[in-house]
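This report is written for someone meeting the structure for the first time. Please look through the sequence and the model before reading on.

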Amino acid sequence: MHLPSALWLTGVLSMPVLAFNVSSWGQKAIDSGVQRFNGKCNRKNVKVRKEWRDLSKSERRDYIKAFKCLLESPSILPAGEAPGAVSAFDDFIYLHLNVTPFINFSGLFLPWHRYYIHGFEQGLAKCGYKGALAYWNHGLDVANLLASPIFDGSDTSLGGNGDPVPHGDSGFIFPGFTEVNILPAGPSGRGGGCVTTGPRGIAGMQTHLGPVGLPKYGEPGHLTVAANVLADNRRCLKRDLSEELGRKFATLRNTTDLILQTKNIFEFQTTLEGDPRYHPGNLGIHTAGHFMIGGDPGADMYISPGDPVFWLHHGQIDRLWWIWQNLDLENRQDLWSTHTLLNQPPSANVTTNETIAIGPTMPDVQIRQLMDTVSGNHFCYVYE
């Protein structure tokens, strides 16, 4: 593991199948999960989700191979439902696009995305991948994204930065607010164009759906929206890597403070998401992480799963929730907030008795069954 020595203590848990090197509170989270192993989820079948740089190069290549399989597999959506969903990977993007106003800045944010990325992990498995979903610890890369093994453009990366395209800052406005949140362009001339480096299939990758709400370069607060967001609006994957927001909101210190200083789900989720109602000016680890990637579709809240790094980003978001929960699981299985983005329009609070329905390959599930990742009901995984 790659941890800041001044802030973390190291503990080791050795088991017949699992061995971890983690922080002291990360160790406590793992211990909590291991103690709940049962007949359905146990040492032999538990998946261990690792940070991308902790996968071997062979494991990364296997992951990339399975990802490319999803790109090449046909959509299973009903004919005509989303003409721009031309692959199994596009199906995942469509599912997110379709419910964005209800799963961001809402009570569904954490459990919905936990189940969603689990579905993607299952998709990789159907394509032959035997490992677990990886995650991206943003704080390890806030000094230099281009040096990250995720973005370095090598054959074991998820593609490099976009080609250089001169451009200015962009920005967005939260619904119901007036302040423009500036999204600084990456270092001058460094990115913004098509991703042309990285493994074959990701370099030169095409995206289809949207854009739905893509911030415009040089026009902060203005968005690009396709005439028909569900059509096959074929264009290259673009990326605009920028460390500035990460240095403010997604450092290792931000992560540590989020986990250790938030005492209830309200504090945890509003801090993680950067909820403008309670943390004005602080985009939080979640929002900042998306805009560290930038580009199209990465900077578009609706279709951001179209960037391969989205899944690692949300692996980290789920990991942070997983650690926070397992430090006091008995008292951390509740939810906060309503069914609508920023409660617009006003709606009832989400409860764990409700059912989440995601898509054609994933059975409907009661939220309370998503609160423990080693219950064996739907999940059997821990994080390293």
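## Two packed helices

The model shown here is a predicted one, and in it helix H2, which covers residues 57-72, packs against helix H4, which covers residues 109-126, at an angle of about 95 degrees and with the axes 8 Å apart. H2 and H4 are therefore roughly perpendicular to each other.

On the H2 side, the residues that meet the partner helix are Tyr63, Ala66, Phe67 and Leu70, while H4 contributes Phe120, Gly123 and Leu124. Sorted by class, this contact of H2 with H4 has six nonpolar residues, one polar residue and no charged residues.

## Aromatic pairs

How many aromatic pairs does a search of the whole structure find? The search finds 26. In the pair formed by Tyr135 and Tyr383, the ring centres are 5.8 Å apart and the planes stand at 75 degrees, so the pair is edge-to-face. Tyr135 lies in the loop between H4 and strand S4 (162-164), whereas Tyr383 belongs to strand S14 (residues 381-383), so the pair ties together parts that are 248 residues apart in sequence. Tyr135 is buried, with a relative accessible area of 1%, and Tyr383 also counts as buried, at 1% relative accessibility.

The rings of Phe266 and Tyr278 have their centres 4.9 Å apart and their planes at 85 degrees, so this pair is edge-to-face. Phe266 is partly exposed, with a relative accessible area of 28%, and Tyr278 counts as partly exposed at 39% relative accessibility. Elsewhere, ring pairs link Phe67, Phe89, Phe92, Trp112, Tyr116, Phe120, Phe310 and Trp311 into a cluster, and among these residues Phe67 and Phe120 take part in the meeting of H2 with H4.

## Backbone details in loops

The peptide bond from Asp296 to Pro297 is cis, with omega near 20 degrees, and Pro297 is placed in the loop between helix H8 (284-293) and helix H9 (310-326). Another cis peptide bond joins Gln344 and Pro345, where omega is about -5 degrees; Pro345 lies in the loop between H9 and strand S12 (355-356).

The loop between H9 and S12 also holds Ser337 and Asn343. Ser337 is not a glycine, yet its phi is positive, at about 95 degrees, and at 6% relative accessibility Ser337 counts as buried. Asn343, likewise a residue other than glycine, has a positive phi near 55 degrees, and Asn343 is partly exposed, with a relative accessible area of 24%.

## A buried asparagine and an annotated stretch

Is Asn181, which has a relative accessible area of 12%, buried or exposed? Because buried means under 20% relative accessible area, Asn181 is buried at its 12%. Asn181 is located in strand S6 (residues 181-183), and, leaving aside residues up to four places away in sequence, Asn181 touches Ser170, Gly171, Phe172, Ile173, Phe174 and Leu283.

For residues 307-318, an unreviewed UniProt entry lists "domain: Tyrosinase copper-binding".

How values were computed. Residues are numbered from 1 along each chain as its sequence is written. This is a predicted model: local features need pLDDT of at least 70, side-chain atom pairs count only at pLDDT 80 or more; totals for chains, interfaces and linings use all residues. Side-chain values use heavy atoms; hydrogens and water are left out. UniProt positions are given in the numbering used here, feature names are shortened, and annotations may be inferred rather than shown by experiment. Helices (H or I, at least four residues) and strands (E, at least two) are DSSP runs, numbered from the N terminus. Buried means under 20% relative accessible area, exposed over 50%, partly exposed in between (1.4 Å probe, protein chains only). Contact means heavy atoms within 4.5 Å. Axes are lines fitted to C-alpha atoms, for helices over the stretch in contact, and angles run from 0 to 180 degrees between N-to-C directions. Angles under 35 degrees count as roughly parallel, over 145 as roughly antiparallel, 65 to 115 as roughly perpendicular and the rest as oblique. Ala, Val, Leu, Ile, Met, Phe, Trp, Tyr, Cys and Pro count as nonpolar, Asp, Glu, Lys and Arg as charged, and the others, Gly among them, as polar. Rings of Phe, Tyr and Trp (its six-membered ring) pair if their centres lie within 6.5 Å; planes under 30 degrees apart count as stacked, over 60 as edge-to-face and the rest as tilted.
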